[in-house]
Amino acid sequence: MYFTFINALIEEYIWRWFVYKKCEVLVSGTKAVFLAAMLFTLHHIIALAAYTADWGVVRLGSVGVFIAGAVWSWCYLTYRTLWSSYISHILADLAIAIVGWHLLFG
């Protein structure tokens, strides 16, 4: 439950409200979306590599993380609120948890 609701809120606050806003200071809106998504992905590459030694899994997961980070940053650029990205982040985390549960205990 923590990773689904609390961690998603913390990540959205840090990565969209803070990091994305700082990226916008450096580059224009669309470029800031790309830059923030790249930084979000780098953070998750480090986390994924800590959990698995399989670099194929890390690469595949990183593609998904980059796309999600870009979508969530675009939502923040468009709506200037964390709600849309937070709710979709919760749904993504729930989907990942369900798939993980089935892989481990299915």
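1. The largest pocket holds about 990 Å³ of space. The model is a predicted one. Lining this pocket are 22 residues, and those closest to its centre are His44, Leu48, Tyr51, Asp93 and Ile96. Helix 1, helix 2 (29-51), helix 3 (55-79) and helix 4 each give two or more residues to the lining.

2. By class, the lining of the largest pocket consists of 12 nonpolar, eight polar and two charged residues.

3. The second largest pocket has a volume of about 170 Å³. Its lining is made up of Ile96, Ala97, Val99, Gly100, Trp101, Leu103, Leu104 and Phe105.

4. Helix 1 (residues 2-26) packs against helix 4 (residues 83-105) at an angle of about 135°, and their axes lie 9 Å apart. Helix 1 is therefore oblique to helix 4. The crossing of helix 1 past helix 4 is right-handed.

5. Which residues meet where helix 1 and helix 4 are in contact? From helix 1 come Phe3, Thr4, Phe5, Ala8, Leu9, Glu11, Glu12 and Arg16; from helix 4 come Ser85, Tyr86, His89, Ile90, Asp93 and Leu94. By class, this contact has seven nonpolar, three polar and four charged residues.

Key: Residues are numbered from 1 along each chain as its sequence is written. This is a predicted model: local features need pLDDT of at least 70, side-chain atom pairs count only at pLDDT 80 or more; totals for chains, interfaces and linings use all residues. Side-chain values use heavy atoms; hydrogens and water are left out. Axes are lines fitted to C-alpha atoms, for helices over the stretch in contact, and angles run from 0 to 180 degrees between N-to-C directions. Helices (H or I, at least four residues) and strands (E, at least two) are DSSP runs, numbered from the N terminus. Angles under 35 degrees count as roughly parallel, over 145 as roughly antiparallel, 65 to 115 as roughly perpendicular and the rest as oblique. A crossing is left-handed if the near helix is turned anticlockwise from the far one by less than a right angle, and right-handed if clockwise. Contact means heavy atoms within 4.5 Å. Ala, Val, Leu, Ile, Met, Phe, Trp, Tyr, Cys and Pro count as nonpolar, Asp, Glu, Lys and Arg as charged, and the others, Gly among them, as polar. On a 1 Å grid over the protein atoms alone, a cavity is a set of points where a 1.4 Å probe fits but cannot get out, and a pocket is an open set with protein on both sides within 12 Å along at least five of seven lines; lining residues have an atom within 4 Å of a point. Grid points are joined across faces, edges and corners, and a volume is the space filled by probe spheres set on the points.
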